[in-house]
Amino acid sequence: MSIREFALERFFAKHEFAAKYILGASDIEGMSMSELLALADGECQRLWSELRLGYSESLGLPLLRAEIAALYPGLTADDVVTFTGAEEAIFVTMHATLGAGDHAVVVWPAYQSLYEIGRSIGAEVSLVPLDPHDWSLDVDALIAALRRNTRLVVINFPHNPTGAHIARSQLETVVRVCAERDIRLFSDEVYRLLEHERAALLPPAATLDRRAVSLGVMSKSFGLAGLRVGWIATRDAAFRGRIAALKDYTTVCGSAPSEILALIGLRARERVVERSRAIVGANLPILSTFMRRHTREITWIPPRAGSTCFPRFVRDIDAERVAERLIEECGVVIVPGTRFGYDRSYFRVGYGRTDMPEALALLDSVLGPVLDEF
């Protein structure tokens, strides 16, 4: 089967490096190379200075996998496989899990690859929407969507694009039901550690059930998107073997320099994540004030975690057209909700970049006149 065009990534391909302000970005402000290298311990300094630019190990640098495993209590380096970004990990996991005639359930709105890859394989995918009144997850609705041929359930909390989160009891229910029905749970946890209340931190799914898969990446909570280092963690050795064999047909192995730099970031993760939390913590009140100033034009549900939110225009306005006009008027990019297959009046805003206040200041002066055109 053919795969549909990746709507969000095509949008970014056109605008991400052409416009000045990417207000719809999903990541945290990238660290500079000098800032990251200053965090290196003695071993990492030596690894970096002596690095030879040959191939790296297919499963990932053992030291890096061990450092990643430290994020998952009870797991070891053997339970981790690294990839070139989260996208490769998603692609390979879907192909290792689903086939024609299988069924998958995906919480929605969602990053398109979380459901589109399954569809392209020939699986049927059921989308379970979050409640747009508060972006809550109806666990009963998710369970009701399961079928005898369901092979995969995909969740994403902290959630992109809405900034929603779930309670531990909800996660444990989903894990239990999947385990009872022999369904693999794929948990996209790339925003883990960016919960706005530290008490909201959930245990990784991979620590709760042997077959569950946790997805991680250096792009979001760690502010190191340019490294293109992602991973999956699971205690299911047979499944890890399948994804390792599939990886031989994608990237084979990762970038050796990126692996060392990711190792540096993870060994200094408390400082790295605190930097990310500081950016989010400084920006969110500014964004909240902006939203209060524009209640006649925009309504939103304040996010509970991560670095994105998903407001909508009060009137039924096509955010795609508005986004194009805002780029023309002030060089500010918002991401239309249609790029997530969602209602046209919604759009994603990111508050993980340090230039967010400048972008909002520009929107203040043009938003009303632009919306009056529609």
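Student: How many bridges join β3 to β4, and which way do the two strands run?
Tutor: One caveat before we start: this is a predicted model, where local features need pLDDT of at least 70, side-chain atom pairs count only at pLDDT 80 or more, and totals for chains, interfaces and linings use all residues. Residues are numbered from 1 along each chain as its sequence is written, and side-chain values use heavy atoms, with hydrogens and water left out. Strands here are DSSP runs of E of at least two residues, helices are runs of H or I of at least four, both numbered from the N terminus, and two strands pair if DSSP finds at least two bridges between them. Strands β3 and β4 run parallel, and the bridges joining them number six.

Student: Which residue in β4 stands opposite Val106?
Tutor: Val106 sits on β3, pointing the way Ala104 and Trp108 do, while His103, Val105 and Val107 point the other way. Across in β4, its opposite number is Leu127.

Student: Is β3 enclosed or open to the outside, and how many of its residues are buried?
Tutor: Take buried as under 20% relative accessible area, exposed as over 50% and partly exposed as in between, with a 1.4 Å probe and protein chains only. Both faces of β3 carry buried residues. The strand is largely enclosed by the rest of the structure, because the buried count is six of the six.

Student: In what order do the strands of the open sheet come?
Tutor: The edge strands are β2 (80-84) and β4 (124-129), each pairing on one side only. Neighbouring strands are turned by 20° against each other on average, direction ignored. There are seven strands with mixed pairing, and the order is β2-β8-β7-β6-β5-β3-β4.

Student: Over how many bridges do β7 and β8 pair?
Tutor: Within that pair, Val217 stands opposite Gly230 in β8. Strands β7 (residues 213-217) and β8 (residues 229-233) are antiparallel, and the number of bridges is four.

Student: At what angle do α1 and α12 pack?
Tutor: Axes are lines fitted to C-alpha atoms, for helices over the stretch in contact, and angles run from 0 to 180 degrees between N-to-C directions. Angles under 35 degrees count as roughly parallel, over 145 as roughly antiparallel, 65 to 115 as roughly perpendicular and the rest as oblique. Helices α1 and α12 are therefore roughly parallel. Their axes are 13 Å apart, and the angle is about 15°.

Student: Which residues of α12 make the contact with α1?
Tutor: Contact means heavy atoms within 4.5 Å. On the α1 side you have Phe11, Lys14 and His15, and on the α12 side Glu320, Ala323, Glu324 and Ile327.

Student: How far apart do the axes of α5 and α9 come?
Tutor: Helix α5 spans residues 85-97 and helix α9 spans residues 237-247, crossing at roughly 115°. Among the residues in contact are Val92 of α5 and Ile243 of α9. The axes come within 9 Å.

Student: Which residues does Val177 contact beyond its sequence neighbours?
Tutor: Val177 belongs to helix α8 (residues 168-180). The residue is buried, at a relative accessible area of 6%. Leaving aside neighbours within four places in sequence, its contacts are Ile143 and Leu146.

Student: What is the relative accessible area of Leu287?
Tutor: Leu287 lies in helix α11 (residues 269-293). Apart from neighbours within four places in sequence, Leu287 is in contact with Trp300, Cys309, Val349, Tyr351, Met356 and Leu360. Leu287 is buried, and the value is 0%.
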